[in-house]
Amino acid sequence: MKTYICPKCKERSGLEILYGYPHVGLADAYARGEIALGGCCIDRDSPDRRCMSCGHEWKIVRRSKINYDAHIGGYWDDEDFSN
Ligand SMILES: [Zn+2]
């Protein structure tokens with residue numbers, strides 16, 4: 001399980017916050033303290049990481065979000081999927 005450096009206390013105790021109802025595997029991971037659960041809803045302002053040492057929560061910059069924005073207004077050739 002990946003851990004992340006907390007920007008506040010500099011401990012490597014940051015865990016990914018997962019949203020939505022956890023399935024069995026996630027519940028086990030949560031019980032082992034490997035992940036943090038954020039609840040059933042996510043919005044643009046929801047934090048992505050939670051430090052298990054100091055409780056600080058923070059957002060990351062999602063590369064996929066940047067890529068998604070780059071496609072807006074661009075040309076998308078849907079004929080690629082016709083066969
Ligand atoms: Zn911290």
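What percentage of the 83 residues in the protein is made up of buried residues? Buried residues account for 8% of the 83 residues, where a residue is called buried if 20 or more other C-beta atoms lie within 10 Å of its own, exposed if 12 or fewer do, and partly exposed in between, with C-beta atoms placed from the backbone. The model is a predicted one, in which local features need pLDDT of at least 70, side-chain atom pairs count only at pLDDT 80 or more, and totals for chains, interfaces and linings use all residues. Residues are numbered from 1 along each chain as its sequence is written.

The confidence of the prediction comes next. Here pLDDT is the predictor's confidence in each residue, on a scale from 0 to 100. Its mean over the protein is 75, and 61% of the residues reach 70 or more. Over residues 66–78 the pLDDT is below 50, and this stretch has one contact in the model beyond near neighbours in sequence; two residues are in contact if their C-beta atoms, placed from the backbone, lie within 7 Å.

Now to the overall fold. The protein has two helices and four strands, and along the sequence they follow the pattern β-α-β-β-β-α. Helices (H or I, at least four residues) and strands (E, at least two) are DSSP runs, numbered from the N terminus. Of the contacts with a separation of 6 or more, 44% are between residues 24 or more positions apart.

Strand 2, residues 36–39, includes Ala36. Why does Ala36 count as partly exposed? Ala36 is placed in this class because it has 18 C-beta neighbours inside 10 Å. Residues up to four places away in sequence aside, Ala36 touches Leu15, Ile17 and Arg50. Between Ala36 and Leu26, which are ten residues apart in sequence, the C-alpha to C-alpha distance is 9.6 Å.

Trp58 is partly exposed, because it has 15 C-beta neighbours inside 10 Å. With neighbours within four places in sequence left aside, its contacts are Pro7, Pro47 and Arg49. Trp58 and Pro47 are eleven residues apart along the chain, and their C-alpha atoms are separated by 4.9 Å.

Lys59 lies in the loop between strand 4 (57–58) and helix 2 (63–71). Lys59 is exposed because 12 other C-beta atoms lie within 10 Å. Not counting residues up to four places away in sequence, Lys59 touches Pro47 and Asp48.

Lys10 is found in the segment before strand 1 (14–19). Lys10 counts as exposed, because it has 11 C-beta neighbours inside 10 Å. Most residues other than glycine have a negative phi. In Lys10, however, phi is positive, near 65°.
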